[in-house]
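Reader: Hello! I am new to this structure and would like to learn how to read it. Could you walk me through it?

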Amino acid sequence: MVKLQNQGGERTGSRYWIMAAAVLVFLTVVLGNVTRTSGAAQACPDWPTCYGQLALPVEQLARISMLHRILSAAALVVTLTALGRVLVRKSINHWVRLPLAAAAVILLLQTGLGAGMALLEATPTINALHPGLALLALG
């Protein structure tokens, strides 16, 4: 197991960012499953807003869809921040850097797939690829 040791707080901060990213990605995957199984995936006709607004809509399915988008954005920002912190610290092991970089790339792909699903008619390939990549981001 690779440890991020506490050396003057330098690695501790990165550890918290990485852990926050992991939790947010997990919650995003869970809410994505709720979005898909509840039928909320097509509740918002536009992207990244919902009915032209960033606020939560009144309608339940649209609200679930918008919460998934907000949580996804938060996961992406926190993951990219964690990656940036890890990349500038040469003392952090590459076994931490590489999976975090892979997760950031996967989340960027997921964002594109999510936008495509919202804006275009989702094909069976995209419908399978989106949750598949989500599980890969966890693992």
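Author: Gladly! Let us start with a term: helices and strands are DSSP runs, numbered from the N terminus. In this predicted model, the chain reads α-α-α-α along the sequence, with four helices and zero strands.

Reader: What does the C-alpha trace span along its principal axes?

Author: The trace covers about 50 × 30 × 20 Å. Of the chain's 139 residues, 37% count as buried.

Reader: Now for a single residue, please. Where is Asp46 found?

Author: Look in the loop between α1 (10-38) and α2 (60-88).

Reader: Which backbone nitrogen does the side chain of Asp46 reach?

Author: That of Tyr51, at 2.8 Å. The backbone nitrogen of Gly52 also lies 2.8 Å from a polar atom of the Asp46 side chain.

Reader: Leaving aside neighbours within four places in sequence, which residues is Asp46 in contact with?

Author: You will find Tyr51, Gly52, Arg69, Ala118 and Leu119 there. For the chain as a whole, 57% of contacts between residues at least 6 apart in sequence join residues at least 24 apart.

How values were computed
Residues numbered from 1 in each chain as written. Predicted model: local features only at pLDDT ≥ 70, side-chain atom pairs only at ≥ 80, totals over all residues. Heavy atoms only, no water. Helix = DSSP H or I, 4+ residues; strand = E, 2+ residues; numbered from the N terminus. Polar contact = N/O pair within 3.5 Å; in protein donor to acceptor, adjacent residues only side chain to side chain. Contact = heavy atoms within 4.5 Å. Buried < 20%, exposed > 50% of the residue type's maximum accessible area, 1.4 Å probe, protein only.
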